[in-house]
Every structure is written in C-alpha cells, then in structure tokens.
Amino acid sequence: MQLLGWILVFAGLILFNEIGRRTKIGGMIVFVIIPVILTVYFIAIQAGAFGGLSNPTRAYMNGWFHYFKLYAADIGCVGFMMIKYKWGLGKKEWFKWWPWFIVSANIMIANVSDLESAFAARGSSIAPSRQDAILIPTMYLKEQEISKKQWQELRDKVITASQFILIEDCNMGQK
C-alpha cells in the first residue's frame, strides 16, 4: 500500500510539473497561486490555526532551511517563466543571469544548513577556533582513538579561513 502511495505522489508531482512547465496558465497556478496559498497556510499554522504546534507541517517543516529551499526553488521557476515567456524583467538581456544566481543561492543554502548541523552536533552555534576545536568527519577518526601526537599533527594541518576550518587531510587511517 505504501508503494502505491509513493507511485501516486510521484506521478502527481510529474503531472503538476508538466502542467506548470508547458503552459502559461499552468505555470501561474503551480508556481504563483499555489505558493501564495501555501504561504497563507504556513503563517496560519505558526499562528496556531490548523492544529498549531501538533500540525505535521509545523513538526517536520519548522526550520528556516525548508522554507528557504521551497521559496528559492519557486522564485527560480518564476524567473525561468519570465525568461521563457519574456515577461517583465525576462525581456532584459541582463536578467539571463537568473538561473545561475538561483543555483548558487540553493548551493549556499545547503552549505549553511550543513554547517549549522555540524555545529549543532558539536554542541556549539559558533564557528570553532583553531585552538579549541577541529571538525572532522567521524567516519575517518574518533578523538579517543588517536594519540596526543597525532592530534597535534592534525591540528597543524588545519587552515583557518574566515570563521571556517578546512582540513587538508583528515583521513589518518591511510598512513
């Protein structure tokens, strides 16, 4: 039964995408009208309507990441429609940068979310300094499994750039 539900949702998403992609009115419905209705719904949930705190939408989509990705993708689609149908700014030659900007923004959103997750897993909301912490993927090493000398050697490989820490070679298991 779950497979049938997955197939129906997948087919529905493909159908809506094709309607939105192939026709002007479909694009307006899928990428403008439905997102406006969803925005009102999201705001109403935050205000306590539709079950408020117990609403599954609030429970599973309550972080900034979900909303940024949703609206960035939607704004990207609207921009593509403007270019395709030569609406407003879509007529301008300089607006052709729009797809590149949206792709860059989506990558940036994902990077910021990944950093936020890493800092949350470490128990900190600020970027670590060279002296007090080094972020290393746990699949490569665990702090308690390396000697003090190995830890100091690894610390020496750390390059501080802005507030981010990059690690030149964290796969010590290859030695």
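1. Salt bridges first. The count comes to 3, taking a salt bridge as a side-chain nitrogen of Lys or Arg within 4 Å of a carboxyl oxygen of Asp or Glu. Keep in mind that this is a predicted model, where local features need pLDDT of at least 70, side-chain atom pairs count only at pLDDT 80 or more, and totals for chains, interfaces and linings use all residues. Residues are numbered from 1 along each chain as its sequence is written, and side-chain values use heavy atoms, with hydrogens and water left out.

2. Glu18 and Arg21. These two form a salt bridge, with the closest N and O atoms 2.8 Å apart. Both sit in helix 1 (residues 2-22), 3 residues apart, or about one turn of the helix. Helices here are DSSP runs of H or I with at least four residues, strands are runs of E with at least two, and both are numbered from the N terminus.

3. Glu18 and Arg22. The side chain of Glu18 also meets that of Arg22 in a salt bridge, at 2.6 Å from N to O. This pair is 4 residues apart in helix 1, so about one helical turn separates them. Put together, Glu18, Arg21 and Arg22 are linked in a network of salt bridges.

4. How open is that network to the surface? For the labels, buried means under 20% relative accessible area, exposed means over 50%, and partly exposed is in between (1.4 Å probe, protein chains only). Glu18 is partly exposed because its relative accessibility is 25%. Arg21 is partly exposed too, with a relative accessible area of 42%. Arg22, at 60%, counts as exposed.

5. Lys96 and Glu93. Here is another salt bridge, with 3.4 Å between the closest N and O atoms. Lys96 has a relative accessible area of 47%, so the label is partly exposed; Glu93 reaches 59% and counts as exposed.

6. The nonpolar patch. Phe16, Ile25, Met28, Ile29, Ile33, Ile34, Ile37 and Leu38 make a nonpolar surface patch of about 690 Å². Patches take residues with over 30% relative accessible area and no salt bridge, joining like charges within 9 Å and nonpolar side chains (Val, Leu, Ile, Met, Phe, Trp, Tyr) within 5 Å. Accessible areas come from the Shrake-Rupley method with a 1.4 Å probe, and for residues only the protein chains shown count as cover.

7. Where the patch comes from. Helix 2 (residues 24-46) gives the largest share, 7 residues. Ile34 is placed in helix 2, and at 31% relative accessibility this residue counts as partly exposed.
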